[in-house]
Amino acid sequence: MPKRPLILITNDDSIVSPGIRTLIEVMKSIGDVVVVAPDSPQSAMGHAITINNTLHIDKVNLDPEIEHEYSCSGTPVDCVKMAVHEILKRKPDLCVSGINHGSNSSINVIYSGTMSAAVEAGIEGIPAIGFSHLDYSWQTDFSPVKRYVKKIALEVLKNGLPEGVVLNVNFPKSEKGEIKGMKVCRQAKAMWVEEFDKRKNPQGKEYYWLTGEFVNQDTGTDTDEYALENGFVSIVPVQFDLTAHHAIQTLNNWNF
């Protein structure tokens, strides 16, 4: 029998979120699972790491079928670092992050703790996937996406990923639970038009809530936003080399 792959699972919604419990359920059918996830919600933490506070890891037993499951006091990226350098005895064959409650399509990828955990795994040379669902509800029905999660994970285990690339996978919200299929896409050109809601507390001290509206400026039919709007799973290959290669020649023509 072929050796079962070792799969690291993490997220940013906390170790008890329904999304990660769904991901654990699917991954158990594929390989040997190790879970290292935040002990509290860490959404929109991006690629933050803990350097000015101590980190704590606690072994938990939320699933009796999993021997190695840990909650971490740090960020999603901290979880991956701790798993690779302190918990695992060898590099995992795959890292999966999610399933996030809410979309991480388009520009959201740079704010996402879910995707930053996947990117950190990629930096460590581990094939990695971030999974997100276009539904913020804690009671989201994840059952329609399970077979797609398994299919994508098996394909990555079979084929690997190009060097320096991780996958950003988003699932559409469907009232009937119907998904039309999967599309490999590019990231849509979109942004948040933001403003701060300024208020005062009973003591007269000012405080702010960040609010905003998501604006898709991209009319292309090959984007993640288009796929999601039309009932498809979007799969975007994301690179963590941020060099703007197309701008190098322009800058070389400047008089530095």
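## Charges and the predicted model

The chain carries 24 positive and 32 negative side chains, and the centres of the two sets lie 4 Å apart. Here Lys and Arg count as positive and Asp and Glu as negative, while His and the chain ends are not counted. Each charge is placed at NZ of Lys, CZ of Arg, CG of Asp or CD of Glu.

This is a predicted model, in which local features need pLDDT of at least 70 and side-chain atom pairs count only at pLDDT 80 or more, whereas totals for chains, interfaces and linings use all residues. Residues are numbered from 1 along each chain as its sequence is written, and side-chain values use heavy atoms, with hydrogens and water left out.

## Overall size and make-up

Let's start with the whole chain. A compact globule of 256 residues would have a radius of gyration near 18 Å, and the 19 Å of this chain agrees with that. The radius is taken over C-alpha atoms, and the globule rule is 2.2 Å times the number of residues to the power 0.38. Along its principal axes, the C-alpha trace spans about 55 × 50 × 50 Å. The chain exposes about 14100 Å², and carbon and sulfur atoms supply 52% of that area; the areas come from the Shrake-Rupley method with a 1.4 Å probe, and for residues only the protein chains shown count as cover.

The chain contains six helices and 11 strands. These are DSSP runs numbered from the N terminus: helices are H or I with at least four residues, and strands are E with at least two. Buried residues make up 46% of the 256 residues, where buried means under 20% relative accessible area, exposed means over 50%, and partly exposed is in between (1.4 Å probe, protein chains only). Of the contacts with a separation of 6 or more, 77% link residues 24 or more positions apart; a contact means heavy atoms within 4.5 Å.

## Two nonpolar cores

Now look inside. A nonpolar core is a set of buried Ala, Val, Leu, Ile, Met, Phe, Trp, Tyr and Cys residues joined through side-chain atoms within 4.5 Å. The largest one has 31 residues, and those with the most contacts inside it are Ile9, Met27, Ile129 and Phe131. The elements that give two or more residues to this core are β1 (6-10), α1 (18-28), β2 (32-38), β5 (94-101), β6 (128-133), α4 (146-159), β7 (165-171) and β11 (232-239). A second, separate core has 26 residues, including Cys72, Cys95, Ile126 and Phe232.

Which residues does Met27 touch, not counting those up to four places away in sequence? Its partners are Ile7, Ile9, Val33, Val96, Val149 and Ala153.

Met27 is one of the buried residues of α1, along with Gly19, Ile20, Thr22, Leu23, Ile24 and Val26. An α-helix has 3.6 residues a turn, so residues three or four places apart point the same way. The buried residues of α1 pack against β1, β2, β4 (68-72), β5, β6 and α4.

Helix α3 (113-123) is largely enclosed by the rest of the structure, because 10 of its 11 residues are buried. Among them are Met115, Val119 and Glu120. The cover over the buried residues of α3 includes β1, α2 (76-87), β5, β6, β7 and β11.

## Loops and backbone details

The loop between β1 and α1 holds both Ser14 and Val16. Ser14 is buried, with a relative accessible area of 3%, while Val16 counts as exposed at 52%. Ser14 has a positive phi, near 100°, in a residue other than glycine. Val16 touches Arg21, Leu62 and Trp138, leaving aside residues up to four places away in sequence. Val16 and Pro41 are 25 residues apart in sequence and 9.5 Å apart in space, C-alpha to C-alpha.

Ser106, in the loop between β5 and α3, has a positive phi near 55° and is buried, with a relative accessible area of 0%. A cis peptide bond joins Gly98 and Ile99, with omega about -10°, and Ile99 is found in strand β5. Finally, Glu163 lies in the loop between α4 and β7 and counts as exposed at 82% relative accessibility. Glu163 and Gly122 are 41 residues apart in sequence, with 8.5 Å between their C-alpha atoms.
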